Amino acid sequence: MTLESRLDDWSRGWRGPLFAALVALIAGLPGLFAMPPLDRDESRFAQATSQMLETGDYVVIKFQDQPRFKKPVGIHWLQALSVKAFSDAEDRRIWAYRIPSLLGAMLAAAACAWGAAALFDPRTGLLAGSILGATFLLSSEAFIAKTDAALCGTTTLAMAALARVYAGHLTGEKAGKLTKLLFWLGLSVAALIKGPVGLLVAVFALIGLAIWDRKAAWMKDLGWTWGLILFAAICLPWAMMITVATDGAFWGAAVGGDLAPKLAGGQEGHAGPFGYHALLAPLLSFPATLLLPAALVVGWTRRNEPGVRFAVCWLVPTWLMFEILPTKLVHYELPAYGALAMLMAAAVRKPLGKLVRWLGGGLSVLMGALLAAVAVYGQTQFGDGGDLAWTVLAAGLALAAGIAGAVLLLRRHSARALITAGVLGIGAHIALTAGLIPHLEPLFLSKDVADALDRTRLSPRSGAAGPVAVTGYAEPSLIFQLGTATELTDGEGAAQAIIEGRPAVVEGREEKPFRDTLADLGLTAHPVATVEGLNYSDGDQERLTIYRGEPQAPAPEDEVQP
């Protein structure tokens, strides 16, 4: 049996979407369990969800006592359902908060395969969904408990349903009610997860198709009346509740404090030039990088094909939107990667020219070498001898994916090159995210502090009385692991915690005021553990000392002044 016949067999009916979802599952699942809680966004989302479960307030989003009015509530509800089903808020198991992200990645891959099968053919659909599920960008977002993988899943579902409606229009067939329902359901949940992003992707694609085709009558078949009612039924209840609960403050903070700064400039230092996302695309699309030049050529030379036209109208406006946006983060383009995967898969349908094969092969080798270098750098800077095996495995698989894919591509075996690079690339991703990186202890200060508090039985998780006081280090990952009541304070506040019998975590720059306050009271602090490492969120080297609480007995009555 040839490779092509096997692909045809695997792509029949629902096998293609299910296979693509399996690829996303394999790529993302190991990191979901292995990676410690990450700073800063993941732990902020997880902590806010944990507080919802603790308080029973599923409307107002808070991080400790501060309102978190940046994103809608959708991802928190999904995480809360996951934690209730598989864990408990008190357990602080980050993997339970990550399950919606993994399911979102699986949904994105399956939906991409489903939509591409209608526009092209089932084999192309299988390849497109598998490419998306295996990309380093989506498979990394799959184990991070925030909005982006879930947004990608719901947006790709809506766009895949739209693709099937469009394909049906071209063949004179009416789209089924389920297809239109999935379109509106995808848009509605996407809006509840991350506001207007999913809507903009769909609207831009519709406008692009209407201009390109010079007709838009088929769009009437989307079920606008009941679709908009469904959208309102899903999104409006929470919007009304949060407006009442916060007296409108949520919208002022979300728009004025989060969205507007992103449009005006590089918010929180996350600025980048035009072309930032294009420059990163070869790395983020690895191991399918070898088909990136071919995808661009297909988008231009075969633009009159309906499937290619749809993918271009999905990809280009969305990509330009985020390139123009002053604030840039690597995951912003994720809702467009389904279209890019379709173009990559479409490139395999016909023989590739010499130039795109050489360009694709060169990019593949370069990205494999870059990932291998990242693994070696991480081990040499933050690892020890015990991490060497993971380093060799991750670097070797990344290099093998880049080189093997390039060699097969140059020999005109496009599908075999893609599959070989994909298998090796997924292996490299697993070795990095579930093997090497979690073992680089100096990068995970919060985990080390929480573990040290557990070992010394000073953590709230170990039954210690009162919250831990922390000064000089305020990363959300530590708050998530130690609990909502964790006290962020200064050196004097940490000293007060010691006096009250509570443990304190003191960063080196706060040691002097901490010790001076204790010295004024005639007390001496007793350290029980020290943790050192790199705070990768701000690039600072940190030294955190854990002190045991020293409760002070009340003064005898005869010493009390009248």
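In this predicted model, the side chains of Asp148 and Lys194 form a salt bridge, with an N to O distance of 2.8 Å. Asp148 sits in helix α8 (residues 148-171) and Lys194 in helix α9 (residues 177-194), so the pair ties together parts that are 46 residues apart in sequence. Asp148 is buried, with a relative accessible area of 5%, and Lys194 is buried too, at 13%.

Another pair to look at is Arg502 and Glu487, whose side chains meet in a salt bridge of 2.9 Å, N to O. Here Arg502 comes from the loop between α22 (491-499) and β5 (504-507), while Glu487 belongs to strand β4 (residues 487-489), so this bridge ties together parts that are 15 residues apart in sequence. Arg502 has 11% relative accessibility and counts as buried; Glu487, at 26%, counts as partly exposed.

Asp41 is partly exposed, with a relative accessible area of 32%, and Arg44 is partly exposed at 23%.

| Salt bridge | N to O distance |
|---|---|
| Asp148 and Lys194 | 2.8 Å |
| Arg502 and Glu487 | 2.9 Å |

The structure has 28 salt bridges by the rule applied here. Some are linked up: Asp121, Arg302, Glu305, Arg349 and Lys350 form a network of salt bridges.

Now to a histidine. His429 is found in helix α19 (residues 414-436). Its relative accessibility is 2%, and since buried means under 20%, His429 counts as buried. The side chain of His429 makes a polar contact of 3.0 Å with that of Ser140. Beyond its neighbours within four places in sequence, His429 is in contact with Ala27, Phe136, Ser139, Ser140, Phe143 and Ala434.

The backbone deserves a look as well. Most residues other than glycine have a negative phi, and most peptide bonds are trans. Against that background, a cis peptide bond joins Asp39 and Arg40, with omega about 0°. Arg40 is in the loop between α2 (15-34) and α3 (41-55). The peptide bond from Phe286 to Pro287 is also cis, with omega near 15°, and Pro287 is in the loop between α13 (276-284) and α14 (292-301).

Two arginines show a positive phi. For Arg412, phi is near 70°; this residue lies in the loop between α18 (388-410) and α19 and is exposed, with a relative accessible area of 58%. Arg457 has a phi of about 55°, lies in the loop between α20 and β3 (469-471), and counts as exposed at 57% relative accessibility.

A search of the whole structure turns up 2 cavities of 30 Å³ or more. Among the 14 residues lining the largest cavity, Asp39, Leu443, Phe444, Leu445 and Ser446 are the closest to its centre. Two or more lining residues each come from α20 (445-455), α21 (476-482) and β6 (527-535), and α20 gives the most, with 3. By class, this lining has 8 nonpolar, 4 polar and 2 charged residues.

The second largest cavity contains about 30 Å³ of space. Phe45, Ile61, Arg68, Lys70, Lys71 and His76 line it, giving 2 nonpolar, 1 polar and 3 charged residues.

Conventions. Residues are numbered from 1 along each chain as its sequence is written. This is a predicted model: local features need pLDDT of at least 70, side-chain atom pairs count only at pLDDT 80 or more; totals for chains, interfaces and linings use all residues. Side-chain values use heavy atoms; hydrogens and water are left out. On a 1 Å grid over the protein atoms alone, a cavity is a set of points where a 1.4 Å probe fits but cannot get out, and a pocket is an open set with protein on both sides within 12 Å along at least five of seven lines; lining residues have an atom within 4 Å of a point. Grid points are joined across faces, edges and corners, and a volume is the space filled by probe spheres set on the points. Helices (H or I, at least four residues) and strands (E, at least two) are DSSP runs, numbered from the N terminus. Ala, Val, Leu, Ile, Met, Phe, Trp, Tyr, Cys and Pro count as nonpolar, Asp, Glu, Lys and Arg as charged, and the others, Gly among them, as polar. Buried means under 20% relative accessible area, exposed over 50%, partly exposed in between (1.4 Å probe, protein chains only). A polar contact is a pair of N or O atoms within 3.5 Å; within protein, one must be able to donate a hydrogen and the other to accept it, and residues adjacent in sequence count only if both atoms are side-chain atoms. Contact means heavy atoms within 4.5 Å. A salt bridge is a side-chain nitrogen of Lys or Arg within 4 Å of a carboxyl oxygen of Asp or Glu.
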